[in-house]
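Good morning, and thank you for coming.

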Amino acid sequence: MYRCLFALLLMCASANASTDAFNGARALEYTRQFVSIGPRWVGSPGHAKAEAFLKKQFAKDNLEEDTFTMDTPAGPQQMHNFIVRFPGKKDGAIVLASHYETNYPLRNINFIGANDGGSSTGLLIEMANHLRGRTLDGYSVWMVFFDGEEAFKEWSDSDSTYGSRHLAAKWQNDGTLKRIKAFIILDMIGDKDLDIQRDSNSTQWLLDVIKRAAAKNGDQSYFFQEQTADSDDHLPFVRRGVPSADIIDLNYGYQNSYWHTAQDTMDKISAKSLTIVGNTMLETIRLLNQR
């Protein structure tokens, strides 16, 4: 019965979402459903279920599956990025991205990544309810669900961000990269104690736009109180000259104690944090369309 009621609410929500504030409760529910798949490291049965979940969510949208093979410390691995495009009237695109898989080295500890990979995936699924069913007044908005963000052995430039490195190179070769006005990666944004750091490797004017967007709803205190230098899925785009931002809260639990542990579970994330980030992204899109 609960599932039926939630499905009905989602149908009503989708019809009205384009004019409503971001609904973090629905994003949290999408996250819960996605994370209930369990561990989803590359090549696992859970990974295949996660891909099927994404395909089902965007079955009626312009969904592209980008399949590729990368050499990893665990041998050649076939991976899949998913790209969903919502068209706009202006020439160019704003990209919002997440990664969806869980950490390969943690495959034996029941690591489900509720915040790490789960929360940003749930947020983007809900974001789509604000974008589909019409031609957007501004730039097109593309959503990318990256595979292979996590390292297979130990994080390094060559053992991490497989999906974003592949797609950035592919889009550079085919000319797509020139159309991107802004690239924003969302990562670990569901933490109940939301504290998004200002990343010095990101494009600073884009971070300023995001802070202005947060201030619209009085949420600026959740953003950029501390500065870090992060390595994440934005770097392959930064290195190619695309204005890019890493929106990440890498302060998850006391002294980041929940990160990459079996403690990264649904009880550590909140609808409030997803609402704050979701509303900020909606306003960021509006501000970018005015530039």
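Helix α4 (residues 114-128) and helix α8 (residues 271-290) have axes that come within 11 Å and cross at roughly 50 degrees. This is a predicted model, in which local features need pLDDT of at least 70, side-chain atom pairs count only at pLDDT 80 or more, and totals for chains, interfaces and linings use all residues. Residues are numbered from 1 along each chain as its sequence is written, and side-chain values use heavy atoms, with hydrogens and water left out.

How are α4 and α8 oriented to each other? They are oblique, a term for angles that are not under 35 degrees (roughly parallel), over 145 (roughly antiparallel) or 65 to 115 (roughly perpendicular). In the contact (heavy atoms within 4.5 Å), Ser119, Leu123 and Met127 of α4 meet Leu274, Val277, Gly278, Met281 and Leu282 of α8. Of these contact residues, six are nonpolar, two are polar and none is charged; Gly counts as polar here.

I now turn to the backbone. Most residues other than glycine have a negative phi. Met188, however, has a positive phi near 60 degrees. Met188 sits in the loop that joins β5 (180-187) and β6 (196-199). Its relative accessible area is 1%, so Met188 is buried (under 20% relative accessible area, with a 1.4 Å probe and protein chains only).

Phe224 is not a glycine either, yet its phi is positive, at about 65 degrees. Phe224 belongs to strand β7 (residues 223-228). With a relative accessible area of 9%, Phe224 is buried.

Note on methods:
Axes fitted to C-alpha atoms, helices over the stretch in contact; angles between N-to-C directions. Helix = DSSP H or I, 4+ residues; strand = E, 2+ residues; numbered from the N terminus. Buried < 20%, exposed > 50% of the residue type's maximum accessible area, 1.4 Å probe, protein only.
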